[in-house]
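Please read the following note with the structure open beside you, and check each point against what you see.

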Amino acid sequence: MRPQHNAMVLVSADLLVQLMERTGDGRSVSVRELARVAGCHPSKIGHLRTGERETAEQDEAAAIARRLGVDLLVLWKPTGRTIQAPIEPKHLAAVAV
């Protein structure tokens, strides 16, 4: 299994199921179609729906949210920092002990 970079955690499997039944355009979306849009195997979507899996890579999560017609953070939460830590200027780093 490859390590996930910028993994996102599904907020709720039940919410995913509900959003798949009625997307932003009012129609349902199948597991296969959602997997195709996200660029992943249909079993990954199936496991997200049942709660057997809770994470997806950020690009997959964004594609899923976009297809369902919701903001990314409605359905997903980040697992780590969303922004990089600020870099200290060199002259301050030398003073800090």
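1. Helix 2 and helix 3 stand roughly perpendicular to each other, because their axes cross at roughly 115° and angles of 65 to 115 degrees count as roughly perpendicular. Please keep in mind throughout that this is a predicted model. The two axes, of helix 2 (residues 31-38) and of helix 3, come within 8 Å, and the crossing that helix 2 and helix 3 make is right-handed.

2. Which residues form the contact of helix 2 with helix 3? From helix 2 come Val31, Arg32, Leu34 and Ala35, and these meet Pro42, Ile45, Gly46 and Arg49 in helix 3. Sorted by class, this contact has 5 nonpolar residues, 1 polar residue and 2 charged residues. In general terms, residues three or four places apart in an α-helix point the same way, because such a helix has 3.6 residues a turn.

3. Helix 3 also meets helix 1 (residues 13-21), and here the two axes come within 6 Å and cross at roughly 120°. That angle makes helix 1 oblique to helix 3. On the side of helix 1 the contact is made by Ala13, Leu16, Val17 and Met20, while helix 3 contributes Ile45, Leu48 and Arg49. The residues of this contact of helix 1 with helix 3 divide into 6 nonpolar and 1 charged, with no polar residue.

4. Helix 2 has a further partner in helix 4, and the axes of these two come within 8 Å and cross at roughly 130°. Helix 2 and helix 4 are therefore oblique to each other, and the crossing of helix 2 with helix 4 is right-handed. Glu33, Leu34, Val37 and Ala38 in helix 2 meet Glu60, Ala63, Ile64, Arg67 and Leu68 in helix 4. By class, the residues of this contact are 6 nonpolar, no polar and 3 charged.

5. Are Glu60 and Arg67 of helix 4 buried or exposed? Both are listed among the buried residues of helix 4, together with Ala61, Ala63, Ile64, Ala65 and Leu68. Just after helix 4 comes Gly69, which takes a positive phi of about 80°.

6. The 3 strands form an open sheet in the order 2-1-3, with antiparallel pairing. Strand 2 (55-57) and strand 3 (76-78) stand at the edges and have a single partner strand each, so one side of each is left without a neighbour in the sheet. On average, and with direction ignored, neighbouring strands of this sheet are turned by 40° against each other. As a general rule, strands of a sheet pair through backbone hydrogen bonds, either parallel or antiparallel.

7. Strand 1 (residues 7-10) pairs with strand 3 in the antiparallel sense over 3 bridges, and Val9 stands opposite Lys77 in strand 3. Helix 3 (residues 42-50) lies across strand 1, strand 2 and strand 3, and runs at about 145° to strand 2.

8. Ala7, found in strand 1, counts as buried because its relative accessibility is 12%. Ala7 and Pro78 are 71 residues apart in sequence, yet their C-alpha atoms are 6.6 Å apart in space. Val11 lies in the loop between strand 1 and helix 1 and is partly exposed, with a relative accessible area of 46%. Leaving aside its neighbours within four places in sequence, Val11 is in contact with Val74, Leu75, Trp76 and Lys77.

9. Finally, consider the chain as a whole. The protein has 6 helices and 3 strands, and from the N terminus on its elements run β-α-α-α-β-α-α-β-α. Buried residues make up 30% of the 97 residues. Of the contacts with a separation of 6 or more, 63% are between residues 24 or more positions apart.

Technical notes: Residues are numbered from 1 along each chain as its sequence is written. This is a predicted model: local features need pLDDT of at least 70, side-chain atom pairs count only at pLDDT 80 or more; totals for chains, interfaces and linings use all residues. Side-chain values use heavy atoms; hydrogens and water are left out. Two strands pair if DSSP finds at least two bridges between them. Helices (H or I, at least four residues) and strands (E, at least two) are DSSP runs, numbered from the N terminus. Axes are lines fitted to C-alpha atoms, for helices over the stretch in contact, and angles run from 0 to 180 degrees between N-to-C directions. Contact means heavy atoms within 4.5 Å. Angles under 35 degrees count as roughly parallel, over 145 as roughly antiparallel, 65 to 115 as roughly perpendicular and the rest as oblique. A crossing is left-handed if the near helix is turned anticlockwise from the far one by less than a right angle, and right-handed if clockwise. Ala, Val, Leu, Ile, Met, Phe, Trp, Tyr, Cys and Pro count as nonpolar, Asp, Glu, Lys and Arg as charged, and the others, Gly among them, as polar. Buried means under 20% relative accessible area, exposed over 50%, partly exposed in between (1.4 Å probe, protein chains only).
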